[in-house]
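Dear colleague,

Please find the structure below, together with the sequence. My notes on one of its helices and the surroundings of that helix follow, and I would be glad if you read them alongside the coordinates.

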Amino acid sequence: MAEHKLLTVRDVSIMLGVSEREILDLADSGSLPAYKIAGVYLRFKREQVEDFKKKLHAKAPAVKKHSLKDGVSDFLYFNDFYIFSFVVILLMLFIIFKS
């Protein structure tokens with residue numbers, strides 16, 4: 001009988017690219033099958049983790065590419081205060097040094 005090495009929480013978090021806390025939450029919710037060794041240590045089977053990873057990638061939505069217009073719009077929206085302040089300072093400097 002071949003022995004299969006069970007994975008730790010850290011191993012699974014590295015495989016899936018998520019935090020260890022998220023792995024524990026997934027195990028608690030039952031989304032990711034887990035096994036307790038001696039009632040204390042949480043372990044995972046590699047095959048089950050790989051199946052979960054495939055399902056996770058299948059559910060992931062496609063990444064939407066943003067246009068230049070969207071990028072500029074977001075920049076102006078999130079930095080409007082700084083842009084307005086910069087314009088007011090430039091205007092004040094112009095008035096001060098004009099005279």
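**Helix H1 and its surroundings**

The axes of H1 and H2 come within 9 Å and cross at roughly 105 degrees, where axes are lines fitted to C-alpha atoms, for helices over the stretch in contact, and angles run from 0 to 180 degrees between N-to-C directions. H1 and H2 are therefore roughly perpendicular to each other, a label given to angles of 65 to 115 degrees, with those under 35 called roughly parallel, those over 145 roughly antiparallel and the rest oblique. Helices (H or I, at least four residues) and strands (E, at least two) are DSSP runs, numbered from the N terminus.

This is a predicted model, in which local features need pLDDT of at least 70 and side-chain atom pairs count only at pLDDT 80 or more, while totals for chains, interfaces and linings use all residues. Residues are numbered from 1 along each chain as its sequence is written, and side-chain values use heavy atoms, with hydrogens and water left out.

At the crossing, Val-9, Arg-10, Val-12, Ser-13 and Leu-16 of H1 meet Glu-20, Ile-23 and Leu-24 of H2, contact being heavy atoms within 4.5 Å. By class, this contact has 5 nonpolar, 1 polar and 2 charged residues (Ala, Val, Leu, Ile, Met, Phe, Trp, Tyr, Cys and Pro are nonpolar; Asp, Glu, Lys and Arg are charged; the others, Gly among them, are polar).

Within H1 (residues 9–16), Val-9, Val-12, Ser-13, Met-15 and Leu-16 are buried (under 20% relative accessible area, with exposed over 50% and partly exposed in between, for a 1.4 Å probe and protein chains only). They cover an arc of only 160 degrees around the axis, which puts them on the same side of H1; the arc is that of the directions from the helix axis to the C-beta atoms. The face turned away from this buried side carries the exposed residues Arg-10 and Ile-14. The cover over the buried residues of H1 includes helix H2 (20–29), strand S2 (41–43) and helix H3 (46–59).

Ser-13 counts as buried because its relative accessibility is 7%. Leaving aside residues up to four places away in sequence, Ser-13 touches Val-18, Ser-19, Glu-20 and Ile-23.

The largest nonpolar core has 12 residues in all, including Val-9, Ile-23, Leu-42 and Phe-52; such a core is a set of buried Ala, Val, Leu, Ile, Met, Phe, Trp, Tyr and Cys residues joined through side-chain atoms within 4.5 Å. H1 gives the most to this core, with 4 residues.

With best regards
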